[in-house]
Amino acid sequence: MADQESKKAGGLKGAWQGLRQTIYGMAAHDMSRSALRTRASMEHLFILITMGDLLGVPILPPYYSLRLLPYVVPQIATWKRRMLREKDASDGMF
Amino acid sequence: MNTLWVVVTAVVVIYVAYTQYAKRIDRNVIKADAKRATPARMYMDGVDFMPTSKNVLYGYHFKSIAAAGPIVGPITAAYIWGWLPALIWLVIGVSFIGWVSDYSAIMVAVRNDGNSLSAISYKVIAPRTRTILFIFIFFYLLLLAGAFVGILAAILAARPDVPFGIIVLALMGLLAGQMMYRWKMNMLLVTVIVVAATLLAMIMGPMGQKHAPNGALIQGPIGSAIVSLNKTVDNMNGNQPLFALQDPTGADPRIPVPGPDGKRPTTAAYDAATGMIRTLPDYLLWMVFLFAFSYLGANMPIWRFAQPVNYIGFWVMFITIVLSGIGALTAPLTGMKDAAGNLIGAFALAPVKSLGFAIEAGKAWQPLWPMLFVTIACGAISGWHALVGSIGTARQLEYETDGLPVGAGSMFGEYTLALLSLVAVSIAGVGGGGGRFATGVGKLIYAGTFGLVPEVWGTALGFGAFVLIVLTVTQLVFRVMRVTLTEWVGDVIPPVRNMHVSTTISMLLTLALVLTGTWVYLWQMFGASNQLMAALSLLVVTVWLRSEKRNPTYAMIPMLFMYFTTIFATMVTARNLYVTIAANPKMGALPVAGAWAMIVLAALLIVAALFIGWDGLKAYRRYGATPAALGTKEARS
């Protein structure tokens, strides 16, 4: 999206935007990814504890799960993908 | 030769290789299609898989691959063979092999649901390939850590004006983490405070230095304090070395460069009469400092220390590289001269020192082929890039057509960094290793700022940037090492799953390697394992292209060249270790033990590469005999 914006901007403004994005990519993109990953790991662990039965993990207290379900619904698709994806040690390297 | 010619060469090579070769491969072989959904768009989870602007991704990929390799490699190669062979290999390597590896690793992962190279090798080559790759990666990281810790400890012990900046960096790293994540301060303000403090500390290190009438360097207040600390530590052992050893290659960072008379002077760490390197307690002190720094980086929450340190390191490096680049471009045009009255833009190093093909009994053999091709690792091609590309970058690619500017473009950026490093050591005129690089950077910054930043400050910045880039990588290497070690033996030896245990084991192995190893062999072994990993990633690409019924030639020829070159280079290094150390009766028990350990390591790497090569060959034949592509997304659809 940001790329399209810089294309639209064109000329000197586009070049400046591109430079800003590149410097952000060098300086801080890995930090924001890492923060996102940390947050997602905590949230996904929480969803696993409360909604594990959606993945076939037997979870005992359905009352609390049902109370939380509306809040979790928007994340269920990405949570399932992330939890069920085959991983190896190299996935945690970068 | 002057620096402007190198800049012109760099621009021409990048333009021709990118437009005439890389774009054709992208269009005709890979057939990148902007309309085809990438894993980032198909599996978007807002975390690992996330469509990202190609500009951001270019910066991210470049930062991830631009470590100490493109700096240390050209420095070492220029010392052994001269700058011309190094320049030629950089140009040819990046044009036909380097970008191929980076770009293809990304595209293979993009076409395979964003899976890592190890997962793809499991699928397209053989299940055991993934296991072998992990063992391979651990030893590769061990060699990398050994080479980096060795060179850093030597610099910190020998240059009292450098450690202050690094100590302040550690403190600023902790402070930046606290300010950004706990106090939630403005990012720009945090950046200004911590980067300015680190730069100031680096410049303060040499402040007040002066030369005595006999030419000896007298340290300023900060340098004197570090000298006192070193002396106090050395006095604990009566100023005697803990042990002494010989380096038959003469490339150990503690050995001083020969003076104008061609003889090496005696220093605290080197006895010129006997040729013995004295391992003094202060060397061990700085090694412990490096381990403590890396321990924090490997075990603290990543936001608390490792990331802020990397962030500060990035800005210091960025400023240094930009100013040096401007200096390389403008020095020959403005005709600026250094303090000694020499033209800054002119090369002072010999273009060719030796091709090294002649074998002398009992001496190290350093033939141009294959040793140059493993000594210069990351600036021309690197296996590390393929790992980063397949895991980190491929999962964020918004359009397939972004793969070329991001993957190949970053590799050309890395090549530019290697050229800059080569330019710095070639114009320096004095010093050796990291010192020569820092001196060259000092001159370039002086020229790049049109005399505003004095050479001595520029040199301090060069030293600081060099140590920083190596150190930030080292702490991350230990972090990755403990993850890999846990994955490898954690099930068999459960205590290793504890991160403190796995980090300690990794550090002890590194310590043993540094104390007993020979630096140049350590670097060349690392280079060989790195290039071998690149060859293995190209093997995965070749087999995948074959499975897709595409023409694999553009990846297969570089793969074969790198595969045989690196295996042969590993054999040559093992031979050198045996002839110059293991079978040398003059050597003590420690270097002999270290040499044997490295010979065993070389054998392990070769066996691992042969297994993967054999499995790759079988897979290649299998796909050749199969009418349709196997197990690929395209074949199924």
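The phi of B:D113 is near 60 degrees, a positive value in a residue other than glycine. B:D113 counts as partly exposed because it has 18 C-beta neighbours inside 10 Å; a residue is called buried if 20 or more other C-beta atoms lie within 10 Å of its own, exposed if 12 or fewer, and partly exposed in between, with C-beta atoms placed from the backbone.

Residues are numbered from 1 along each chain as its sequence is written, and chains are lettered from A and ligands numbered from 1 in the order in which they are written. Since the model is predicted, local features need pLDDT of at least 70 and side-chain atom pairs count only at pLDDT 80 or more, whereas totals for chains, interfaces and linings use all residues.

## Other backbone features

B:N239, which is not a glycine, also has a positive phi, of about 60 degrees, and is found in the loop between α10 (221–235) and β3 of chain B. With 12 C-beta neighbours inside 10 Å, B:N239 counts as exposed.

The peptide bond from B:W369 to B:P370 is cis, with omega near 10 degrees, and B:P370 has its place in helix α13 (residues 368–375) of chain B.

## The antiparallel sheet

In chain B, three strands form an open sheet in the order β3-β5-β4, with antiparallel pairing; two strands are taken to pair if DSSP finds at least two bridges between them.

B:T279 has its place in strand β5 of chain B and counts as buried, with 21 C-beta neighbours inside 10 Å. Leaving aside residues up to four places away in sequence, B:T279 touches B:P241, B:L242, B:F243, B:A244 and B:L515, a contact being two residues whose C-beta atoms, placed from the backbone, lie within 7 Å. The C-alpha atoms of B:T279 and B:A86, 193 residues apart along the chain, are separated by 32 Å.

## Helix α8

Helix α8 (residues 163–182) of chain B has 20 residues and reaches 28 Å from its first C-alpha to its last, close to the 28 Å expected at 1.5 Å a residue, the expected span being 1.5 Å times one less than the number of residues. Among the buried residues of α8(B) are B:F164, B:I166, B:L169, B:M172, B:A176 and B:M180. What covers the buried residues of this helix includes α7 (127–158), α9 (187–204), α10, α12 (306–334) and α17 (455–489) of chain B. α8(B) is followed by B:K184, whose phi is positive, near 50 degrees.

## The side of chain B that touches chain A

Across the two chains, 33 residues of chain B are in contact with 31 residues of chain A. On the chain B side, α3 (54–65), α6, α7, α12, α14 (383–393) and α17 each supply at least two residues, and α3(B) gives the most, with 10 residues. By class, this side of chain B has 18 nonpolar, 10 polar and five charged residues, where Ala, Val, Leu, Ile, Met, Phe, Trp, Tyr, Cys and Pro count as nonpolar, Asp, Glu, Lys and Arg as charged, and the others, Gly among them, as polar.

Technical notes: Helices (H or I, at least four residues) and strands (E, at least two) are DSSP runs, numbered from the N terminus.
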